[in-house]
Amino acid sequence: MRITVFDIQAMKESGQRIAMLTAYDHPSAALAERAEVPMLLVGDSLGMVVHGADTTLPVTLDDMIRHARAVVRGSSRALVVADLPFLTYATEGDAIASARRVMQEAGVQALKLEGGISIGPTVRRLTELGVPVMGHLGLTPQAQHTLGLRVQARQAEAARRLVEDALALQDAGAFALVLELVPAPLAAAVTQRLRIPVIGIGAGAGCDGQVQVWHDLLGLFPGKSPRHAKRYADIGSAIEEALRAYVGDVRSGAFPTAAQSSGMDPEELSRALGG
Ligand code: KIV
């Protein structure tokens, strides 16, 4: 049985912190499942970390559906949430059509939408129609050209608006909220005020849970990770080392050996070759 939005709510109520992680394909979902990650996000960050784009904006509904379907197939317990991509929920009609496709074709259990009060009616309508919605405030990467890629809501007026946005999303029926790159004391205050779970990324330890990007957590990119990320492993270096060993073995003839090859009856071979 999969974890439900009610289980996630119960985690907040019992003070159990929630670990959420992005996943984009079958093997990553299966590994996260073995590690008992309760909530997986098929984030539109896939445009950047999987497809090599500069922003999340080029991600399409078809991209999201293909990746989300693989994550759903790779997991059986985790609650799988998928992002609705850039401008696929600009009107209520668009949002319903997009939600129908991602829920039906990928089989995810919830969707994440970026935005505050202005998307409240959309969140309400989707929730009424049976779609659990996770909100996303603070740095919303789909608006990076208007917001910039920096910590949000540092000043009182912007912080007050963020609190209003968070309350509006909760009132509209959102089951949880992501806060990205928000000052820790503000995120902690929002977490205290909201009934629903608040999941932070670069928002400090006072949230009900944390979400991290797979590639940041596992060190899949060389060089520095974003400041808000903690690298739990250096898998990128391990992969590079393994690939170098493979290339070296192919060049030297050390791979393959008899152990990786199949034999053949010499008579059969001779008959085949006309010997
Ligand atoms: O797309 C994504 O991975 C996200 C997380 C960073 C919250 O939205």
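How far is an oxygen atom of the ligand from an N or O atom in the side chain of Ser45? The distance is 2.5 Å, which falls under the heading of a polar contact, a pair of N or O atoms within 3.5 Å. Taken alone the ligand exposes 260 Å², and the protein buries 95% of that, the areas coming from the Shrake-Rupley method with a 1.4 Å probe.

The model is predicted, with local features needing pLDDT of at least 70 and side-chain atom pairs counting only at pLDDT 80 or more, while totals for chains, interfaces and linings use all residues. Residues are numbered from 1 along each chain as its sequence is written, and side-chain values use heavy atoms, with hydrogens and water left out.

Strands here are DSSP runs of at least two residues, and helices are runs of at least four, numbered from the N terminus. Around the ligand stand Thr22, Leu41, Gly43, Asp44, Ser45, Asp83, Lys112, His136, Glu180, Ile201 and Val211, each with a heavy atom within 4 Å of it. By class, this shell holds 3 nonpolar, 4 polar and 4 charged residues, where Asp, Glu, Lys and Arg count as charged and Gly is among the polar ones.

The ligand sits in the largest pocket, in the sense that more than half of its atoms lie within 2 Å of the pocket's grid points. A pocket is an open set of points on a 1 Å grid over the protein atoms alone, where a 1.4 Å probe fits, with protein on both sides within 12 Å along at least five of seven lines; its lining residues have an atom within 4 Å of a point.

An unreviewed UniProt entry gives the annotation "binding site" to Asp44, Asp83 and Glu114, although such annotations may be inferred rather than shown by experiment. These residues span 71 residues in sequence, yet no two of their C-alpha atoms are more than 11.0 Å apart, so they gather at one spot. The lining of the largest pocket includes Asp44, Asp83 and Glu114.

Two backbone details remain. A cis peptide bond, with omega about 0°, joins Phe255 and Pro256, and Pro256 is found in the loop between helix H11 (235-252) and helix H12 (266-272). Ala153, in the loop between helix H7 (144-147) and helix H8 (156-172), has a phi near 60°, a positive value in a residue other than glycine.

Terms used
A polar contact is a pair of N or O atoms within 3.5 Å; within protein, one must be able to donate a hydrogen and the other to accept it, and residues adjacent in sequence count only if both atoms are side-chain atoms.
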